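Take a moment with the sequence and the model below. Then read on for a short tour of the sheet, a helix beside it and the cores.

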Amino acid sequence: MTGAISDLSENTFDEEIGSATEPVLVDFWAEWCGPCKMITPILEEIAVEQEGALRVAKVNVDDAPDLARRFEVMSIPTLILFSNGQPATRIVGAKGKPQLLEELAPHL
């Protein structure tokens with residue numbers, strides 16, 4: 001991962017999301033997921049371009065299965081935008097950058 005995207009674990013998730021001053025877009029993904037790999041460069045671009053307005057983080061569902069269950073992640077990639085520590089919107093499946101930004105815009 002680049003420095004623009006942070007990795008969250010079951011140990012760090014609640015503290016990172018709860019203490020964030022800006023919305024946090026969390027990508028639930030896995031190493032074996034082709035579409036997950038396809039959207040990673042898009043998420044890296046968004047993380048850099050939206051720095052200060054949006055944070056981007058990743059949760060590997062194989063390493064953090066309890067988080068995946070907690071947020072009812074049934075398929076990946078699933079992106080959940082957290083605002084004030086609470087889920088604000090959910091995007092399931094790989095999307096292009098314009099569509100992702102459009103879906104996130106009301107929350108930024």
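Which residues have the most contacts inside the largest nonpolar core? In this predicted model, they are Phe13, Val26, Phe28, Val59 and Phe71. That core has 22 residues. Strand 2 gives the most to it, with four residues. Helix 1, strand 3, helix 3 and strand 4 are also among the elements that give two or more.

Look next at phenylalanine 13. Beyond its neighbours within four places in sequence, Phe13 is in contact with Leu8, Val26, Phe28, Val59, Leu67, Arg70, Phe71 and Phe82.

Another core lies apart from the largest one. This other core has 14 residues, including Ile42, Leu43, Leu79 and Leu81.

Five strands form it, in the order 1-3-2-4-5. The sheet is open, and its pairing is mixed. Strand 1 and strand 5 are the edge strands, and each pairs on one side only. From one strand to the next, the twist averages 25°.

| Strand | Residues |
|---|---|
| Strand 1 | residues 5-7 |
| Strand 2 | residues 24-29 |
| Strand 3 | residues 55-60 |
| Strand 4 | residues 78-83 |
| Strand 5 | residues 86-92 |

How do strand 4 and strand 5 run, and how many bridges join them? They run antiparallel, joined by six bridges.

Helix 4 spans residues 97-104. It lies across strand 2, strand 4 and strand 5. Helix 4 runs at about 155° to strand 5.

Definitions and conventions
Residues numbered from 1 in each chain as written. Predicted model: local features only at pLDDT ≥ 70, side-chain atom pairs only at ≥ 80, totals over all residues. Heavy atoms only, no water. Pairing = 2+ DSSP bridges. Axes fitted to C-alpha atoms, helices over the stretch in contact; angles between N-to-C directions. Contact = heavy atoms within 4.5 Å. Core = buried A, V, L, I, M, F, W, Y, C linked by side-chain atoms within 4.5 Å. Buried < 20%, exposed > 50% of the residue type's maximum accessible area, 1.4 Å probe, protein only.
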